[in-house]
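This report describes the fold of one protein chain and then the setting of a single residue within it. The sequence and structure come first.

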Amino acid sequence: MDEIALARAVAEAALAVHGVSSLGKGTYAEAATYGAGEKVQGVVVTPSDVRVHVIAAYPDGVPVPLLVERVRAAVDPLVGDRRLTIVVEDLEGVPEVERSQ
C-alpha cells in the first residue's frame, strides 16, 4: 500500500473511534500526507513512521489515555512495521444537544 492510500485508511480508522472528534492539523508544522493532487490531513506517513493527530471530543466520558489506546487498536493493524505515534492535539467541546442523543 502506498503512503497516500495508507494515510486514507488510517484517517478513516481513527475517525471511526468513539471519542475522536476530528483529525488535527499539526501545531508547528502541518500534519498531513501528500499524494498526486491529494492531501490527507491529520496523518503523517513516512517509510518508517505513522503519526496520527486527533482532536478528542470533550466531555465525552472517554479518558484521553483510553482514547489513545482505542485509536492505536484501530490503526495498528494497518501500519505494518512502521512505528505508530498517536498525538492528542486538542480537545473539542461537544454541545449538550449532541451529548444527550
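## Overall fold

The model is predicted. The protein chain contains three helices and six strands, arranged along the sequence as α-β-β-β-β-β-α-β-α. Its radius of gyration is 14 Å, close to the 13 Å given by the globule rule for 101 residues, so the chain is as compact as a globular protein of that length. The C-alpha trace spans about 40 × 25 × 25 Å along its principal axes.

Of the contacts between residues at least 6 apart in sequence, 70% join residues at least 24 apart.

Buried residues account for 35% of the 101 residues. The protein chain exposes about 5900 Å², and carbon and sulfur atoms supply 53% of that area.

## Histidine 53

Histidine 53 lies in strand β5, which covers residues 49-58. Its relative accessible area is 7%; this is under 20%, so histidine 53 counts as buried.

The side chain of histidine 53 makes a polar contact of 2.9 Å with the side chain of arginine 51. Another polar contact, of 2.8 Å, links the histidine 53 side chain to that of glutamate 89. Leaving aside neighbours within four places in sequence, histidine 53 is in contact with Ser22, Leu23, Gly24, Gly26, Ala31, Gly42, Val87 and Glu89.

Note on methods
Residues are numbered from 1 along each chain as its sequence is written. This is a predicted model: local features need pLDDT of at least 70, side-chain atom pairs count only at pLDDT 80 or more; totals for chains, interfaces and linings use all residues. Side-chain values use heavy atoms; hydrogens and water are left out. Helices (H or I, at least four residues) and strands (E, at least two) are DSSP runs, numbered from the N terminus. Buried means under 20% relative accessible area, exposed over 50%, partly exposed in between (1.4 Å probe, protein chains only). A polar contact is a pair of N or O atoms within 3.5 Å; within protein, one must be able to donate a hydrogen and the other to accept it, and residues adjacent in sequence count only if both atoms are side-chain atoms. Contact means heavy atoms within 4.5 Å. The radius of gyration is taken over C-alpha atoms; the globule rule is 2.2 Å times the number of residues to the power 0.38. Accessible areas come from the Shrake-Rupley method with a 1.4 Å probe; for residues, only the protein chains shown count as cover.
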